[in-house]
Structures are given as structure tokens and as C-alpha cells.
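A short report follows the display.

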Amino acid sequence: MKRLIIFCAVVIGALCSVARSGESEMTALRNWNAGTQVSAATVEKFGIDRCFTESEITPEIFARIKGKSFADGCTTPLADLRYLKVLHTDAEGRILLGEIICNKEISGDLLEIFRELFNAGYPIERMTLIDNYRADDQASMTANNSSAFNFRYVSGTRKLSYHSRGLAIDINPFYNPYVRRLNSKSPVVEPAAAAPYADRSKPSPYRLTKGDLCHRLFTSRGFIWGGDWKTVKDYQHFEKKAAK
């Protein structure tokens, strides 16, 4: 009898723990706490369609990006930007809440692409606003954070990046770095800590390659891949010209 009582107590405790975990995940979904891990069961209960949405930039979201990715002097109208909620899985198969700010011109493309990537289990390690890294591109890349809008210049130039209009996105940037060769000198790799992954034969579950699912989904929708560039290689980068 004593063993039965102990067994029942353990089972009840485990069930209560699962219930608390499920409620915590549901709260994270309702509030969309990007970076939070959730279960497939909770996603199903919440509704998969509610996990791939877009909205205009609310005052609450603007408060997060003002003075960071939406830097002082930003020339991109706020009305051109959209906030996306998406799901993604990491290399361990964990389901994570993701968020992106992009231009409204590509918001539909990104929602479709990330839903297909999620359905296929394509691994993306992290996807939160770059503002969580003070809009510091180097810090975000080093954390392997996938992001889109950030009002900034192309590395090494005074030319505004496509990211400045939210028309570009970087996927798994640490394992797919930006590589610029200067004559016969050693290449400049960004982020610097990702230098080993400038060798594209180096294996990684987050490596993005020409012809893989991510590459096919983006290029089939008219995006240009930085890995195809001649003077530099930006293996993480996809961009698309605006229709207007």
C-alpha cells in the first residue's frame, strides 16, 4: 500500500508538472516570447495558423526598435515595415518561437518560406529581433541569430544595406559567414569568430548550401543569394528588390 501511495504521488506530481509546463508554453505563445521552446502539442492546441502571422509595427514593438534597428535618421517609413511571428526548429528538433521585422514587400514571401522550412524541420538556431543585441550586427551574427530589418550600412562601405529597408534577411549567420578577400591577404570574415566556417566544406547542421531547401525556397521567389556574389561571399544573406 505504501508503495502504491508513493507511485500515485509521483504520477500526480508528474502530471501537474506537465500541466504547468503546458500553461507556461501557452502563455509564451499568447505573448509571443521569441526564443521560447514549445511542444508540438501546445502548438496544435494554440493553432498553427496563429504561429505564422504578420502585423504592422505597434507602439509596443516600436518601443523595442526605436534608437536601435530603427536608428535615428532612419529613412525607411515605419509604415513599410511588418512584424512577423514564425515557428522554427533548431538542430536538436526543438520548436522555438521566432520573430522578424521586414519590409511589407517581402512579408508574404517570408511567411510562406518559414512555414515550409518549419514543416520540413530545416534547422534555424535562433530568430529574435536584432534589437536584443542592441542592433549590433556582429553580436547578432556571433549568436547565430537570423534577422532581417536593421538600418545600417553594407560592411566596409557608406552604402545603405538592403537590411535598412527590410528587404534582406540573414539565415544562421555564424555558420554561413560574410567573406571578403583583399587581394592576396587573408580574407576578412564576419563575424570574426566564424572564420573556420569560411571553409564551406566544414560540416555543420546549420550550413546553408546552394540547392538546399532554404536556398531553393528563397531563390524561387526572386531573392538573390549572397553566396553567388563574385567579389564577396555572404553565405547567410538573401535580398530582394522592391517592386517599386
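This report covers the nonpolar cores, the aromatic pairs and the charges over rings in a predicted model.

## Nonpolar cores

The largest nonpolar core has 53 residues. Inside it, I100, L110, F114 and F218 have the most contacts. At least two residues each come from α1 (2-31), α2 (40-46), α3 (59-65), β3 (81-89), β4 (95-103), α4 (104-120) and α6 (213-219). The largest share, 7 residues, comes from α4.

F218 touches L110, I113, F114, I169, I171, F223 and F238, leaving aside residues up to four places away in sequence. A second core is separate and has 5 residues, among them F174, A194, Y197 and Y206.

## Aromatic pairs

The whole structure holds 11 aromatic pairs. One of them joins F70 and F149 in a tilted arrangement, with 6.4 Å centre to centre and 45° between the planes. This pair links distant parts of the chain. F70 is in the loop between α3 and β3, and F149 is in the loop between α5 (137-142) and β5 (168-170), 79 residues apart.

Y175 and Y197 pair edge-to-face, at 4.8 Å centre to centre and 75° between the planes. Y175 lies in the loop between β5 and β6 (178-180), Y197 in the loop between β7 (188-190) and α6, so their pair ties together parts 22 residues apart in sequence. Y175 and Y197 are buried.

F114, F218, F223 and F238 form one aromatic cluster.

## Charges over rings

The charged end of R50 sits over the F46 ring, 3.8 Å from its centre. Likewise, the charged end of K202 sits over the Y197 ring, 5.6 Å from its centre.

Technical notes:
Residues numbered from 1 in each chain as written. Predicted model: local features only at pLDDT ≥ 70, side-chain atom pairs only at ≥ 80, totals over all residues. Heavy atoms only, no water. Core = buried A, V, L, I, M, F, W, Y, C linked by side-chain atoms within 4.5 Å. Buried < 20%, exposed > 50% of the residue type's maximum accessible area, 1.4 Å probe, protein only. Helix = DSSP H or I, 4+ residues; strand = E, 2+ residues; numbered from the N terminus. Contact = heavy atoms within 4.5 Å. Phe/Tyr/Trp six-rings, centres within 6.5 Å; stacked < 30°, edge-to-face > 60°. Lys NZ or Arg CZ within 6 Å of the ring centre and 35° of its normal.
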